[in-house]
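Trainee: Could you show me how to read the surroundings of a ligand, one feature at a time?

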Amino acid sequence: MDFSHKNSSPVQEVKDPELEGSGVRLLVKRDDLIHEHISGNKWRKLKYNLREATEQNHHTLLTFGGAYSNHIAATAFAAHKAGLSSIGVIRGEDDPTNPTLQFARKHGMQLHFVSREEYRKLTRVGACRGTPLPPAHDALEEKFGQFFLIPEGGANGLGVRGCAEILPEVEEDFDVVCCAAGTGTTLAGLALTLKENQKLLGFPALRGGSFLKDEVERLMAESRLRAPSTVNYQLNTDYHFGGYAKMKPELLEFANGFHERTGIQLDPIYTAKMMFGIYDMIRVGAYGNTPLQKGTTVLAIHTGGLQGWQGMKHRRLV
Ligand SMILES: *Cc1c(COP(=O)(O)O)cnc(C)c1O
């Protein structure tokens, strides 16, 4: 599968006066620069799913997401580019003024709206290669015919495989990797490729993100990649800011300030929370006990998602 764009992303050192004197070196893996529309980890997660769909001679992708989902936008674009049809099963009701849905439609995605309850039924079981689909999917097959199913958020073993290609691209030395977490797929891919002396910190964007532990286990197993003897990761559930797609003034202020000082734009749903958490932990690290102590080199993964700002504006949250 040729997407004819960059396959890897650069690493950039963050020069921020606010970090001066902290003794922490901050590097950012700019996966947000991989592609304008299939941004960041969504491209990583789609790569092997699209390859598998093509190998299985599928012509249609079907996936799930909320009305402002980065994954929906990315899948619509990637399918269009690969010459595949796509169907997006969307939680909630249609809104023709929603920029994400407009984008998906423009790239040929057929949208199918379901109630929250129906959506839960459809997405509850992680559907993946080799596992039977839940009964609720029969109705989708009846309606749409044959399709290759990609779970919500690209959360399957093939998605993990794509995310396992992030760290091997990095030539710089680092001690701690930080990433934002939604489904935990990116975290799983990073965890599988960590060296023994490195640590991994996940920042769930959702409230009560500790459910992720089991998901990360499941996803790692499903990828069939071999885990290192110790998988050294922690979740920091303190920085969800009220939950998924919630915006707080201090978060917005942080994201704007970071953008001004460093030239790097963060997304409002995931990476702004992660970076806020990193800065907070560096401050605490000056006197308390966090993995981000003086002398550490931190590699933060910019997982992309900048289209999320349009959704935030549309909902008048920024
Ligand atoms: C989807 C997304 C995530 C969440 O990734 P998971 O692999 O689902 O944990 C993180 N950051 C951005 C910018 C995203 O769009």
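Trainee: What lies 2.9 Å from an oxygen atom of the ligand?

Mentor: A polar contact is a pair of N or O atoms within 3.5 Å; within protein, one must be able to donate a hydrogen and the other to accept it, and residues adjacent in sequence count only if both atoms are side-chain atoms. Here a polar side-chain atom of N41 lies 2.9 Å from a ligand oxygen, while for N70 the distance to an oxygen atom of the ligand is 2.7 Å, and for T183 it is 2.5 Å. The protein covers 97% of the 390 Å² of accessible area that the ligand has on its own (Shrake-Rupley method, 1.4 Å probe). This is a predicted model, in which local features need pLDDT of at least 70, side-chain atom pairs count only at pLDDT 80 or more, and totals for chains, interfaces and linings use all residues. Residues are numbered from 1 along each chain as its sequence is written, and side-chain values use heavy atoms, with hydrogens and water left out.

Trainee: Is N41 buried or exposed?

Mentor: Buried means under 20% relative accessible area, exposed over 50%, and partly exposed in between, with a 1.4 Å probe and protein chains only. N41 counts as buried because its relative accessibility is 8%.

Trainee: Which residues is N41 in contact with, leaving aside its neighbours within four places in sequence?

Mentor: Contact means heavy atoms within 4.5 Å, and with those neighbours within four places in sequence left aside, N41 is in contact with T186 and T303. The side chains of N41 and K42 are also joined, by a polar contact of 3.2 Å.
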